[in-house]
Structure formats: C-alpha cells, structure tokens
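Work through the exercises below with the model open beside you. Try each task before reading its solution.

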Amino acid sequence: MTTTVEPVTPRTRRGVELVLLIVAIAVVLLAWVTVDLNRNGTVPAEIIPVAGGLVVLAGVVHVVLRWKAPYADPVLLPITTALNGLGLVMIHRLDLAAGRLGADGNANQQIIWTALAVALTVAAIWTLRDHRLLRRYTFISLAVGFILLTLPLVPGLGREVNGSRIWIAVGPFSFQPGEFAKIALAVFFAGYLVQTRDVLSLAGKRVLGFTFPRGRDLGPILVAWVLALLILVFEKDLGSALLFFGLFVAMLYVATERVSWIAIGLLLFGAAVAFALSAFAHFQKRVDLWLDPFSTENLERSNQLANGLWGMAAGGLTGTGLGAGRPWLTPFAESDYIFASLAEELGLIGAVGILMLYLLFVERGVRTALGVRDGFGKLLAIGLTFSVAFQLFIVIGGVTRLIPLTGLTTPFLSLGGSSLLANWIIMSLLLRISDQARRPVPALPIGVGADPATAEATQVVRL
Amino acid sequence: MNTAIRRLSVLIAALFGALLVASTVIQFVQAGSMRGMAANKRTLLDNYAQERGSILVAGQPIAKSVEVDDQYRWLRTYPDGRLYSQITGFYAYSVGNPFGLEDAADDLLSGKADRLFVRRVTDLLTGRETAGATIELTIDPKVQQAASDALGKNRGAVVALDPRTGAILAMVSHPQYDPNPLSSHDLDKAASAWKKLSTDRSKPFTNRAISGDLYPPGSTFKVVTAAAALEQGIVDDESSMVPGPAALDLPLTDQPLPNETRQPCGPDDRTTLLHALEISCNTAFGSLGLELGGEQLRAQAAKFGFGDSIQIPMRVSPSTMPAEMNQPQAAQSAIGQYEVRTTPLQMAMIAAGIANQGRVMTPYLIQSVRTADLDVIDGPPDPKELSQAVSTRTADILKRMMVSVVDNGSGRRAQIPGVAVGGKTGTAQHDLEKSPHAWFISFAPADDARVAVAVIVEESGVSGNEVGGAAVAAPIAKAVMEAVIGR
C-alpha cells in the first residue's frame, strides 16, 4: 500500500478543469438547443437561464475546489457536469414530448435537485478537510446505513413502487434512502476492513491453493450477506442487493488481496439467487422476461425491456438525433431507461461516448485509490468508484439484456433527487480523497513532535 | 492493496467491455432484425411519420394523409369512405393495413417500391421529405355511385369492366363500412370500430367482388357451356336444335335434372340453342354438358379465366371448376351448380370477353402511379389480353343470343331504350335452408360494348325460377350500364 512520491513538482491542474468544464457546458447547451430545434424548430428561450445556471453551479464548485482542494482531480467535475447536463437534456426532451411545460416539468425538478446536490458538494468539500475524519464514524455509518436501508419497511413511511419497496415518502417528497445507504456502508466497510484486514488476510487454513478464513472471521461477510438477502426478500429489490453485496465483496478483496473471498462471495450470492428464484414469482418473471422479451405473452406483461431494445435499435449507429426519436414509448424513459433513451437519439456512437465518460470517471477514481497514501482512503475511494461502476453495469446491463433487468438509477443521468444527491456526494468524496492523493507530501519540519497542531496535520494513518 | 485495486480495475474494465459489446450488438448487429419485428411500434410510427400517398378517383382523393399535430403526424382520411371502403381498405395504428389497396399497393403508397427508387434518391439529395406515390384508379365515380345506389341495402357485389381494356369502372361490395374511425388516432375509438366490424356476421371487410367465399354462378354459367358447345362444333349456331325435355335423365344416378318450370323447353322435347338460353333451359344445357364432358367444360372456363391468379393489385380469388367430374356432375356443372365457384369479377370478365370478340382482357384497377406532385411515374398501362376465350364467330353468336335474352327472354328488366343490351340471368342455390343468390351478367351497347357488368345479390332469389336474377339483379346492372353510356 505504499506509493512512491513523484519527484516532479505536483501541479493543481485547475486550469485544465476550467477548460474541460467549458467544453462540458458547451456540449450540454448544444444538445439542449438541438432538442428544441428538432422538436419545435426554435431556439428555446430558456437557454439563457439554463446556460447561466450551469455556469454558476459548475463554477461555484470549481471556485471552491481552487480554494479548499486545489490538488483535487481535474476531470471528475467536468465529467459529472457533462453527464448531469445530458441527463437534464433528455429529461427536458421527454418533458416536451409529454407536454409537461415549464415549472411542471421533470427537468425543472431535476435542476432544483442539481442545485441542492451542488450545495451539498460545496458543503462537503468545505467542511470535510480530510477524508480520514470519516474513519471516526465507522460504526455510526453502519448504523446509519442500516437505518436507511430499513426505512422503506417502516409502515406508513415506506412506499411500494412497481413491485419494489425501496421508497419512503414524507409529505410531498419521496426518497430512495438506499442511494445514501450505499455511501454510509462504503464508509463503514472501509473503516472496518482497514482495522481487520490483517486478521482476515493472514489467518486461515490452506485448501487447494486457497487460504480459507477462520469461521469467526467469516462473521462480517455473513452479516453483509444476510443483510443483502433481507433487503432482497422484504423490499424485492434484487438490484440494490446485488450492488451492496458486490460492493462489500470487492472491498473485502481489496483489503485482504485474497481471491478466496471472491469465491466465497460468489458462492453465497449464487445460493441467494437460487433461493430467490425458487421462492419468489417476482424474480422468476424477471428472468423469464430476460430470456425471451419478445414473446407475445411477455410483451403483454411488460413491454419495457422489448421497447428499450427497440428504441436502441431504432437509433442504430448514428441515432435519430436529439428530439427526433421516440424514447417516450419506453416506460421509465427518464429514470431506469435513460441510457436507452439517449442511445436511441444519439445512436451507438453517443452510447459509447456516454460509457466512455463513465469509464473515464471510474478510471480517475481508481487512480485516486492507487495514489492516496492511507489504507482507509484507498478502500473508500475504490469502494465508491466500484459502486458507481457496478451500479452502471447492473442498470445498463439490464437495459441491454446482458443480465436480468433490475430497477436502479443511472448515476448522474436518471431523473430522481436521491440518486443525484448521493452520486454528487460520491464525487465530492472522491475529489477530497484525490486532493490528498495528489497533494505534495509536506516536508517534515525539524522538531515536528513538539507542536501538536502540526502533528495533527501531518498524520497519515491513525490505526 | 494496490495489486488488488489494479486487478479489480481489470474486472471493471471487463464489465464496461461487456456493456460496449451488448450496446453494439443491439444497435448495430441486431438493429435491422429488431426494426423488422411486427410488434415494434416504432417501425409502425415511422410509417406514420411520413406522408403516405393518396388514392385518386377522377382526380379526387378517396384516401389521403392529412398532417395533424400529434405524435402520429399523418392522419389517414377517406373523404368518401363508405363508397370506396372495399377498394381502399384502411390504415390503422393497431391492426395495420390488412385490406384493399392500402395493403396490396402498400409499397407504392409508402414509397418503398423499387420503381420509386430514383425518386427516393433525388428526394435524399434535394433534402425533400420522401412521400409515398399517389395512385390514380380506373374507377369512374359516377358508375361506382350508381352501382352502390342500385345495390342499395342488399348484400352482394357489383363489378363493371371496360371490355376493351379490362379497366375496372366500378367495384362495389355491400355491406360497406366507414374506414375513417378505424384509422383514427383516437386509439380507443379505432379499437372499438375494429372490434365491432371484425366480429360483424355480415362480414363488411370482405370484398365480395373479388374475394371472400366464392359463389356458385348458377345459370349465368350457361353462356360458358354454350361457348364450349359452339367451339367444339356440337352445335353450329344459335338456331341449332338441342334437347329440351322437362327433365333430363342422368346416367349413373336416379335423380333426373329437371327444368325449373317442370315443362319441356320446346315441342317434341327439343328447342333451339337461342331459345334455351332465353328461357334458361336447364335440360338443354345439362345435355350439352353430358355431350361435352367435364374436361371440355373446364377447358372453356379456364379460357375465360377460371383458375387464374389475378392481382388487380388486390389478390382475386381464383374461380374454380371441380377437379373430377363424372357425367351427371358435368351436367350439373354445365348449369352452374355442383362445385363450380366463382367471383363477380370473373363473371364480369366472361360477359366482357363475349362483348369484346372473344378476347378477355386482364382486369386492372390502377390507371397510373404518380409522385406526390402528380408527375406520372408509371401508366396508363397497356391493356393486356388474358386469353382469346372463344373465336370471333362464337363470340358474335353468343352476343346475339345474350341480346335476345334481354330483348325477349329472362333479362327484360335490363333493357335500355335505344341501346342493344346483352345479358344473362342466374339463380344460384348455395344452401337449401336459404334463398338462392340472384345473378345478372351483361354488356352494352352490344355492337360496340363499353361496359360489362356482373351483379350478385345474396339470398334474394326465389327457389326454382329465374325471378331473382331477372327481378333483382338485372335492374342493378341496367343502372350501372346507363351510368357508363350516359343515358
């Protein structure tokens, strides 16, 4: 886990970020104008406030980064801006198709959520000077994550939407607490694993070349597995269960560097899926739809998968053009299926472009994990990065019929406040960690131990 | 931990690789086959998103696409919907375009036909939105209206042809229906219209003139028997004597073939061929059938078009003769019973062939194919001879005989003052429980025929005589002929 310190003078690269931000905003505005030109033949009047809003929101984060985290990764914010903006464009486009205008539009709602997400991001970067502070909240995070996960099961608070009970409703607001549980659990896993990784990676019997852990060390993974199974059973949410479980196994593997954990994890998850398949009609139906989405019977039951595929096929290589396709024919075109909506209008070229943006985002996250010097930061960075990548795989893999469809949001693109807030928080945590990773190691002043304040600031890992 | 992070990033890269492959498979490899799936609404909507060609009759659209401000963009409307319903069919979001020209000429109307290729390329280059081709029909609106009015509330069909070219001047099938609600963008309205009409027991979607259940031709088939007898030299001309007993003994069976009147057709049980046709003498044509045999009858019918697959461009059900006929069956077939089955269009072709010196012309409905701006792409078509069904001499004899049927025989109700009209009545039994169908086939003016007509009125005859054909069908044919020759 040691990293060589680069001998060159580190550069903040904030200028690069500014240029990339300008490009991202320009792409989004161009897309917005294209939608209106294709739909109504006019340049929309709202383009000025939209452009102003984007510049202000992205600009505020940029300025705060210059001030509070000057060494943060310069690519994460532009990618987030571009993805969030493209999501807004598609939501606005679907608003136009559905006749939801102005303040009633989903786009309007999403802009408000974006502003809130930016405010949270600014607050996080501002107040959280060092990501290692989070380690203090390891077990609080576990409690918070567990509470968030089980909130939808509380009678009167939770709501069942489309067969899955993963929502809570307070007054007019509805929320998917699972999105935040993801972050809390990543913090908990990182904190817990960094403490116990030695025990987990060293103790155990060797069988067939694998070192298997001792029974009592299996405890945490069993707890996580049971937790995932409980969510799966009571909330009927296979996607989230898969996501939390995959996240934990991945972090466990990174912490221990032992493949046996992955083998055990896959085995346990396989058992859970087999159980779910035999016990719940809900899952059997999903698998049936996945295997043959075009049969007459399946088309009658749920035409979502087939319509999404037809939409992507209609787009072909170059797409129908923004505003010129028919993404609204697919149910949940602006949430679960926003990738298919974009793929229809932007074509395979656009779809690959969007996947490349995510790949780049993930690559920056991995680079942050590799670069940061403390174990907790490494685990947290790779955990958050993996959660974004894996969530993307689950939802887009479902849309493209790679795996059975499970409802999850597409990070940054999908309509929905909880998802947007949670993913912006993930991005701000990655920014904070990358600032630590890329910051030059302060030269140790002579007599450092004498000054408690300096000691606090230069502390690398507190085990 | 860095080793594990690097390995994990390889896994992440593999996941992304899988997503890229899956996207490529859908949007590139399988895109074509997915677009072609019948249940794919996007493909259907693509068709709605471009202007479909009009169908014109005498320059006026009977089917046209009107731009509307909804997601389907082009609304298909039928200005004189009921009158032309069986010709146009309809174009519906939920069930597509299963009938009529909307189906049969879909490649032209949608602009996908090969012969429109050059047009499509120029449209692409000039940036013009490609519209389907416009189709001009051979239908004469006056004749169509007259045929529909004359048929009135009866179930049945009328076909009028130009004997010289085969152009279809009128094609009416009752009951009619209104195609407009079926093509409505109000999908509930369209669905209920479809449900109501498709389950209607009177089968309004069936174009009785060319398809649906075929009809027995009854006595109108006697002109085919007469044609065969003349061509084979069994009789010499209309004054040749033929047997005409009250009932004809049939070999191999105890059931004799009786006349409807139970009377002999002439003194000494003999009569002339002319008189036999005038009074529709069953025993005379039955005995000619015995002499000719099944093969000869079938061969003559085939020359008039029986068994041919014709597309006008709608598919016309081929009329059929029984495959095997023994002697009594040949006698039955000779008077249009047993298993002889035909369409009104086929019977009109027989009348037209006789009126046109024995030459049967291939019927057609499309006069010309035009661009949306009415530049002619194709047409008018060269009239095509289907066959020389009988010699000119035989045709002349048959023509004189049919004129005499109208002048002196069972077809008097088709007389038009000052015009020589040829015709033949028919009453076709099809179900012992129900009244027989009434037939009339005719042409006018006899010396230079400009129109040939076949009329069938379902279940309007009276069992045992020619009253149906004479009383019900002949006046309808008369009205249609008058509409053509303008008197």
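## Salt bridges and the chain interface

Over all chains, the whole structure holds 24 salt bridges (a side-chain nitrogen of Lys or Arg within 4 Å of a carboxyl oxygen of Asp or Glu). This is a predicted model, in which local features need pLDDT of at least 70 and side-chain atom pairs count only at pLDDT 80 or more, while totals for chains, interfaces and linings use all residues. Residues are numbered from 1 along each chain as its sequence is written, chains are lettered from A and ligands numbered from 1 in the order in which they are written, and side-chain values use heavy atoms, with hydrogens and water left out.

**Exercise 1.** Find the salt bridge of A:Asp435 and explain its spacing along the helix.

*Solution.* Start with the partner. A:Asp435 meets A:Arg432, side chain to side chain, at 3.1 Å from N to O. Helices (H or I, at least four residues) and strands (E, at least two) are DSSP runs, numbered from the N terminus.

**Exercise 2.** Describe the interface of chain A and chain B.

*Solution.* Step one: count residues. Chain A gives 54 residues to the contact and chain B gives 33 (contact means heavy atoms within 4.5 Å).

Step two: take the area. The two chains bury about 3,800 Å² between them, 74% of it on carbon and sulfur atoms. Buried area is the accessible area (1.4 Å probe) that two parts lose on being put together, summed over both. A:Trp310, A:Arg326 and A:Leu370 supply 18% of the area that chain A buries against chain B, more than any other three residues.

Step three: look for charge pairs. The count between the chains is one salt bridge. A:Glu344 pairs with B:Arg42, with the closest N and O atoms 3.0 Å apart.

Step four: sort the chain A side. H8, H12 (304-315), H13 (338-371) and H14 (375-399) of chain A each give two or more residues to the side that touches chain B. H13(A) gives the most, with 15 residues. By class, this side has 38 nonpolar, eleven polar and five charged residues. Ala, Val, Leu, Ile, Met, Phe, Trp, Tyr, Cys and Pro count as nonpolar, Asp, Glu, Lys and Arg as charged, and the others, Gly among them, as polar.

**Exercise 3.** How do H8(A) and H1(B) pack, and which residues make the contact?

*Solution.* First, the geometry. Helix H8 (residues 238-256) of chain A packs on helix H1 (residues 2-29) of chain B at about 145°, with axes 7 Å apart. Axes are lines fitted to C-alpha atoms, for helices over the stretch in contact, and angles run from 0 to 180 degrees between N-to-C directions. Then, the residues. H8(A) uses A:Ala250, A:Tyr253 and A:Val254, and H1(B) uses B:Ala4, B:Ile5, B:Arg7 and B:Leu8. Six are nonpolar, none polar and one charged.
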